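These are my notes from going through the structure, one topic at a time.

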Amino acid sequence: MEGTLFKLVDEVTPSNLKQAMQQAIEIEIATIPVYLYTYYSITRVPDQGAIEKQIFTDFKAIQQSGKTDDELQKMAAALALDIMVFANKAGALIMSVAVEEMLHMSLSSNIKNALGNYGGLPELVGKTPKVWPAYLPGHQPPFPINRAKLTLDQLYTFLLIESPLPVQPDLTRGRAAISYDTIGDYYQKIIDCIRDNLTDRDFNPDAPQLINSKFYSQNNVDTIYYDKQHKPKFGNEDDSGGLVHVWGVDSAIHAMDEIVEQGEGASKIMDGHKIVGDHLTPDGKVVCPLDFDPLSYDDPSKGELSHFDKFLEIYCTIHRKNHELNNFLGTTSFDFSTYFVKDLPTNPSTTDYPENIQKVCTLNNAIYTYLFVMAEGCYKKKGHTQFEIFMFGIHKTMIWLLNVISESMADITYKDPATGTEKCVSATFEDYDFCVSEASPKDQIIALAEIAMKADNSVINQGILDIIHDLPDVAL
């Protein structure tokens with residue numbers, strides 16, 4: 001991946017354990033902008049009446065099956081209702097994964113900071129991929145990941161990221177670091193190294209870490225959805241895991257097991273081999289199951305699917321519904337997701353947008369980067385009491401500021417001066433380079449917000465500026 005300093009090696013040893021843990025951190029970071037970008041392409045609560053009318057109109061225009069208006073209207077009404085439930089659920093599931101990727105970044109950071117001479121301070125700032133398509137550091141075979149809207153292709157990439165089994169699709173090669181076939185395989189290399197070579201005396205349990213507290217939550221307002229009976233459902237369950245205080249070998253392994261099981265699913269060992277689902281075949285084909293395998297769950301109460309199976313459920317729902325609708329209409333390319341997915345560009349840069357939108361985008365990137373500034377700052381303070389930073393900083397930034405601005409940006413369009421066509425805008429989730437010789441990052445964000453508010457007060461208002469003023473002031 002562009003910007004990494006990793007060298008290609010095949011195994012984790014005490015001599016490269018520090019590098020291995022930093023690579024683990026950067027693997028988790030690389031997924032965060034990808035999942036967030038796709039999340040903001042979803043209209044979670046579309047206008048049911050409006051889309052029902054549009055669906056009926058589209059059905060009449062494209063159908064090749066001789067259906068009557070009554071049949072088309074009935075199907076349009078049913079599809080509009082399905083979309084209302086599914087769009088909200090798909091958004092909640094994707095955001096629930098993004099939240100847990102932040103958790104995984106923190107767990108890997110806890111391990112690295114607790115590893116004493118074998119670890120060190122986690123490096124979180126400036127580690128978002130700088131070149132897109134990007135690649136997971138060290139994954140074999142390499143495959144491109146993109147900031148893109150919700151499609152079956154994008155969901156397929158998500159399945160490759162979280163796959164519990166090696167997959168060998170024919171994909172473009174990228175740069176490599178410590179090579180691995182799956183994220184679980186990579187963490188197992190680290191587990192084996194720690195178990196075989198280190199003891200509890202090699203850890204520093206007093207090194208600053210993010211640990212469980214009353215302030216940590218697996219869910220937020222964006223990980224909740226409602227079923228057809230209007231009952232609230234949570235994307236993450238309380239018993240699926242949380243922050244772990246790493247004090248020695250067993251706790252480090254526990255933290256890594258949690259990362260793997262949340263991503264790939266809880267597993268069983270039989271005859272020394274890991275038993276996992278097979279819904280993504282070795283040659284890269286997706287197999288949609290009739291029912292989800294119990295191994296797919298990542299919590300003891302079996303209330304939460306793993307990341308892989310959350311994405312599998314979204315993928316298979318879209319695939320099956322499109323197949324059903326194309327059979328009904330006598331067509332081949334009808335895609336119902338267009339009614340709730342915004343046509344966002346793929347891998348945009350801030351400089352792609354007009355100047356007034358650039359100012360809003362730059363502010364959003366600075367807020368996004370400040371997430372990592374605050375998280376990294378937690379590992380520079382003594383003790384494990386960084387509650388103010390974690391709760392009032394990281395959560396408020398991600399839940400309120402980043403959410404409000406990114407959602408607003410996804411509703412903006414502009415006219416391309418070259419073609420005259422209307423184009424959609426999206427948050428870009430690029431690292432912002434804070435100036436170390438000037439004001440604090442928080443003060444720089446305040447200045448950027450004031451500039452953005454003058455450029456576009458329909459997105460940046462006094463309320464957003466007030467929340468920024470309330471953020472903790474964390475130095476680089």
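This is a predicted model: local features need pLDDT of at least 70, side-chain atom pairs count only at pLDDT 80 or more; totals for chains, interfaces and linings use all residues.

I took buried to mean under 20% relative accessible area, exposed over 50%, and partly exposed in between, with a 1.4 Å probe and protein chains only. Helices here are DSSP runs (H or I, at least four residues), numbered from the N terminus.

Residues are numbered from 1 along each chain as its sequence is written, and side-chain values use heavy atoms, with hydrogens and water left out.

Which residues of α4 are buried? I listed Q154, L155, T157, F158, L159, L160, I161 and E162. Looking for their partners, I found that the buried residues of α4 pack against α1 (17-39), α3 (69-114), α5 (183-197), α6 (249-264) and α7 (307-329).

I then went to N322, which is found in helix α7 and is buried, with a relative accessible area of 9%. Beyond its neighbours within four places in sequence, N322 is in contact (heavy atoms within 4.5 Å) with F334, D335 and F336. N322 and F336 are 14 residues apart in sequence, and their C-alpha atoms are 6.4 Å apart in space; the side chain of N322 reaches the backbone nitrogen of F336 at 3.0 Å.

How many salt bridges does a search of the whole structure find? I noted 13, a salt bridge being a side-chain nitrogen of Lys or Arg within 4 Å of a carboxyl oxygen of Asp or Glu. One of them joins E313 and K89, with the closest N and O atoms 2.6 Å apart. Because E313 lies in helix α7 and K89 in helix α3, this pair ties together parts that are 224 residues apart in sequence. I also noted that E313 counts as buried, at 18% relative accessibility.

K359 and E355 form another salt bridge, at 3.1 Å between the closest N and O atoms, and these two are four residues apart in helix α8 (residues 355-378), separated by about one helical turn. K359 is partly exposed at 26%, whereas E355 is exposed at 56%.

Lastly, I looked up K423 and D416, whose side chains meet in a salt bridge at 2.9 Å, N to O; K423 is partly exposed at 35%, and D416 is buried at 12%.

Notes: A polar contact is a pair of N or O atoms within 3.5 Å; within protein, one must be able to donate a hydrogen and the other to accept it, and residues adjacent in sequence count only if both atoms are side-chain atoms.
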